[in-house]
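These are my notebook entries on one structure. I looked up the helix ends, the sheet, the aromatic pairs and the cores.

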Amino acid sequence: MSISSKAMAKIAYEALSDKKAVNIQIIDISGISVLADYFVIADGSNQNQIQAMREAVDEALYKAGVQVKQIEGNRNSSWILMDYGEIIVHVFSKEDRLFYDLERIWGDGKFIDAADLEE
């Protein structure tokens, strides 16, 4: 079973939201990059929450039949990148998110409201 990148982004958004992720952003980068269709970006308030967010996204997408291709970062990381092919999920500490500012770097992408992910 194959699901769309839009459905994958919605699953990731909901998993992050369930773990009280802060300022979840979805950026459609399909028109400006071959890396992926969507970036899903969120931050957590502490290391335990960041790890819980990572685990929640991975579990939710796994249950939907989506295997992670690569994860960069570990339990002590303040930025975890999860590559699912069509979507890339970035989970940050607040400080690292402000420092790396992916929203500015990928500002040519289309910022998507979670309600627009409904199929």
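**Entry 1: helix H1**

I began after H1, where Lys20 follows with a positive phi, near 60°. The model is predicted, so I note its limits: local features need pLDDT of at least 70, side-chain atom pairs count only at pLDDT 80 or more, and totals for chains, interfaces and linings use all residues. Residues are numbered from 1 along each chain as its sequence is written, and side-chain values use heavy atoms, with hydrogens and water left out.

Helices (H or I, at least four residues) and strands (E, at least two) are DSSP runs, numbered from the N terminus. I checked the length of H1: its 14 residues should span 20 Å at 1.5 Å a residue, and the end C-alpha atoms are 20 Å apart, which agrees. The expected span is 1.5 Å times one less than the number of residues.

Which residues of H1 are buried? I found Ser5, Ala7, Met8, Ala9, Ala12, Ala15 and Leu16. Buried means under 20% relative accessible area, exposed over 50%, and partly exposed in between (1.4 Å probe, protein chains only). These buried residues pack against S1, S2, H2 and S5.

**Entry 2: the sheet**

I traced an open sheet of six strands with mixed pairing, in the order S3-S4-S5-S2-S1-S6. S3 (70-72) and S6 (110-112) are at the edges with a single partner strand each, so one side of each has no neighbour in the sheet. From one strand to the next the twist averages 20°; axes are lines fitted to C-alpha atoms, for helices over the stretch in contact, and angles run from 0 to 180 degrees between N-to-C directions.

Two strands pair if DSSP finds at least two bridges between them. S1 (residues 22-28) pairs with S2 in the antiparallel sense over five bridges, and with S6 in the antiparallel sense over three bridges. I followed Ile26: it stands opposite Val40 in S2, and its bridge partner in S6 is Ile112. S4 (residues 79-83) and S5 (residues 87-93) are also antiparallel, over five bridges; there Trp79 has Phe92 of S5 as its bridge partner.

**Entry 3: aromatic pairs**

Rings of Phe, Tyr and Trp (its six-membered ring) pair if their centres lie within 6.5 Å; planes under 30 degrees apart count as stacked, over 60 as edge-to-face and the rest as tilted. I counted five aromatic pairs by this rule. Phe39 and Trp106 are edge-to-face, at 4.9 Å centre to centre and 75° between the planes. Phe39 is in S2 (residues 38-44) and Trp106 in the loop between H4 (102-105) and S6, so the pair ties together parts 67 residues apart in sequence. Both Phe39 and Trp106 are buried.

Trp79 and Tyr100 make a tilted pair, 4.6 Å centre to centre with 45° between the planes. Trp79 is partly exposed at 26% relative accessible area, and Tyr100 is partly exposed at 34%. One aromatic cluster holds Trp79, Phe92, Phe99 and Tyr100.

**Entry 4: the cores**

A nonpolar core is a set of buried Ala, Val, Leu, Ile, Met, Phe, Trp, Tyr and Cys residues joined through side-chain atoms within 4.5 Å. The largest has 25 residues, and those with the most contacts inside it are Leu16, Val57, Tyr84, Ile87 and Val89. H1 (5-18), S1, S2, H2 (47-63), S4 and S5 each give two or more residues to this core. Apart from it I found another core of nine residues, including Ile27, Ile29, Ala36 and Ile88.

Technical notes:
Contact = heavy atoms within 4.5 Å.
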